[in-house]
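Hi,

Here is the structure I promised to send over.

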Amino acid sequence: MPGPNLTVGEALTSVVVIIMLLLEFGLLRAFEVGEQRNLYATQSFFLAIFAAAAGFLENAPDLYVLAAITIILKVILIPSLFTRLLRTQQVRMEIPMTVNVALSILIGIGLTAFCFLSMSRVQLQGTFLPQTALSTATSILLLGFLVMITRLNVISQVIGFLTLENAAFLVSIAIAPGLPVILEVLVIFDVLAAVLVFGLLTRLLGAHLGTATTATLNRLRG
Amino acid sequence: MEELGGKTVLQVLQVLTLLIFSPLISGIIARVEAWLQSRRGPSFLQPYYDIAKFFKKDRAVGLPTSWIFTAAPIISFGCYLTIATLIPVLTNYPLPLAWMGDILGGAFLFGLSGFFLALAALDTASPYAGIGSSRAVFVGALTEPTLIFVFFTVALITHTDLPYAMAATLQSSLVQVFRPAHLLAMVALFMMILVDTGRIPIESHGSTLEFGLIDEGRVFEHSGPDMALVKWGSSMKQFLLFTILLNVMIVPWGLATTLQPAAVAIAIGSLLLKMIALGLIIVAIETSFAKLRLFKIPEFMAAGFLLSVLAILVFYLGGG
């Protein structure tokens with residue numbers, strides 16, 4: 001039949017990857033921090049599904065461990081940290097935007113097109129690589145940057161940063177499913193450190209300025 | 001020769017299916033929606049009664065109107081009848097007239113019908129009909145790019161632009177169903193059908209509040225048999241769009257493969273069942289979401305556009 005050849009397994013894993021990309025677009029659409037937190041948790045959940053699927057298709061049981069760690073840390077622990085932060089800090093939930101939703105989604109479509117066009121030139125022969133994974137992961141990466149640049153709330157910037165890590169994780173599974181688990185786990189705990197640092201930043205901002213937007217940070221203070 | 005005769009009968013039957021069953025689907029959706037909102041709701045057959053009532057009434061035509069106002073309902077009705085010959089309503093093989101036009105031909109006919117209804121609304125110089133007309137054109141301009149990208153995706157997947165080819169490709173293997181490009185285009189088309197049938201995120205169906213009306217607002221000035229044609233036409237439009245979504249994009253199973261009457265009966269029955277299932281999904285959406293404000297509509301359209309563009313990118317460059 002016409003069209004690129006696919007197996008059902010590849011098609012379904014590609015669908016999982018694309019859902020992650022759509023959730024990243026959801027971050028651009030979200031109006032308040034709680035919604036972004038939920039989107040991040042959902043994206044991480046689909047990342048775990050992708051890891052488990054790669055483990056199943058590639059016969060690599062250590063990927064199941066990674067999937068489990070991902071669920072515990074990124075679907076349960078980090079979002080609940082955000083929930084606590086939001087409750088204790090009384091930060092405003094709505095996100096100040098420098099670019100409105102419709103325009104940022106159009107910019108996002110442009111970035112995605114750029115990633116797909118450039119990545120289609122890259123000939124990578126991984127053992128497990130649904131062809132969409134690489135382009136989609138780079139799109140998630142750039143969209144994560146877009147979220148960090150155009151949304152001025154600290155917490156949504158942290159979430160943008162965390163989705164960058166999700167994208168990196170996605171690529172590492174897709175290109176090298178045989179990567180030692182210890183390296184992957186290290187990367188995940190790196191993220192935990194980043195969350196702690198950002199949490200501290202949020203608390204400091206809240207304590208000194210009474211706000212969670214970074215818009216006022218460009219003024220020098222003695 | 002005998003085969004051609006059978007095919008011609010089927011061709012007529014396709015149009016008759018559309019004429020007879022389209023108000024039923026509207027009636028069922030309205031009734032189930034009423035149930036979900038703990039109302040008793042109108043009878044399943046209410047749309048038929050409405051149409052019959054309007055046919056019995058006199059026609060009142062505004063003085064300043066031209067021939068366009070009286071011709072528009074007939075033209076739009078005729079467009080819908082023609083579309084029914086182009087798409088796989090009952091059979092999975094092309095009938096004689098299916099070669100008249102491809103997917104783009106069908107889209108042009110939908111466009112022509114909408115164009116005449118919009119002109120007729122402007123023709124009356126009534127402010128409410130005018131607002132409805134300009135809104136419908138505004139929304140239509142936003143759905144167009146998404147629909148075109150969905151057609152491109154179909155064309156890329158099948159190398160043709162015949163709706164029958166898409167259905168055949170889907171039936172050929174399971175991979176084609178789960179192909180990401182296909183799923184994305186399917187969801188994008190579904191979103192645009194919600195828009196085109198005036199469903200909840202965009203417009204509350206059957207509401208009488210003038211400020212929220214888009215499609216329904218255009219037809220305020222029609223009366224009598226004209227109104228009957230417009231009402232019937234709008235449920236036919238819904239039936240046709242559902243048929244395209246179901247028989248071309250989602251579940252092209254159950255279509256008749258032969259000329260046998262039994263196969264055709266099964267095709268009609270399965271089509272109605274599929275439509276009711278889709279209707280239930282739409283009812284669920286209608287009762288669980290709120291209507292978008294008019295200025296939020298472009299965001300909904302941007303989401304649909306995103307899905308259709310991704311479908312092209314994934315198919316063309318991402319190997320999916």
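Let me begin with a helix pair in chain B. Thr70(B), Pro73(B), Ile74(B), Ser76(B), Phe77(B), Tyr80(B), Ile83(B) and Ala84(B) of H3(B) meet Asp226(B), Leu229(B), Val230(B), Gly233(B), Met236(B), Lys237(B) and Leu240(B) of H9(B). Here, contact means that the C-beta atoms of two residues, placed from the backbone, lie within 7 Å. By class, this contact has ten nonpolar, three polar and two charged residues (Ala, Val, Leu, Ile, Met, Phe, Trp, Tyr, Cys and Pro count as nonpolar, Asp, Glu, Lys and Arg as charged, and the others, Gly among them, as polar).

Before the rest, a word on what you are looking at. This is a predicted model, where local features need pLDDT of at least 70 and side-chain atom pairs count only at pLDDT 80 or more, while totals for chains, interfaces and linings use all residues. Residues are numbered from 1 along each chain as its sequence is written, and chains are lettered from A and ligands numbered from 1 in the order in which they are written. Helices (H or I, at least four residues) and strands (E, at least two) are DSSP runs, numbered from the N terminus.

Back to that pair: H3 (residues 67-86) and H9 (residues 224-250) of chain B pack at about 25°, with axes 9 Å apart. Axes are lines fitted to C-alpha atoms, for helices over the stretch in contact, and angles run from 0 to 180 degrees between N-to-C directions. That makes H3(B) roughly parallel to H9(B) (under 35 degrees is roughly parallel, over 145 roughly antiparallel, 65 to 115 roughly perpendicular and the rest oblique). Their crossing is left-handed, meaning the near helix is turned anticlockwise from the far one by less than a right angle; clockwise would be right-handed.

Also in chain B, the buried residues of H10(B) are Val264(B), Ala267(B), Leu271(B), Lys274(B), Met275(B), Gly279(B), Ile282(B), Val283(B) and Glu286(B). Buried means 20 or more other C-beta atoms within 10 Å of the residue's own, exposed means 12 or fewer, and partly exposed is in between, with C-beta atoms placed from the backbone. Phe115(B), in helix H4 (residues 103-123) of chain B, is partly exposed, with 18 other C-beta atoms within 10 Å.

Chain A has seven helices and zero strands, and 42% of its 222 residues are buried. H4(A) and H5(A) pack at an angle of about 145°, with axes 8 Å apart, and their crossing is right-handed. The residues of that contact divide into nine nonpolar, seven polar and no charged.

H1(A) and helix H6 (residues 154-175) of chain A pack at about 165°, with axes 11 Å apart, and are therefore roughly antiparallel to each other. Val17(A), Met20(A), Glu24(A) and Leu27(A) in H1(A) meet Ile159(A), Gly160(A), Thr163(A) and Leu170(A) in H6(A).

Cheers
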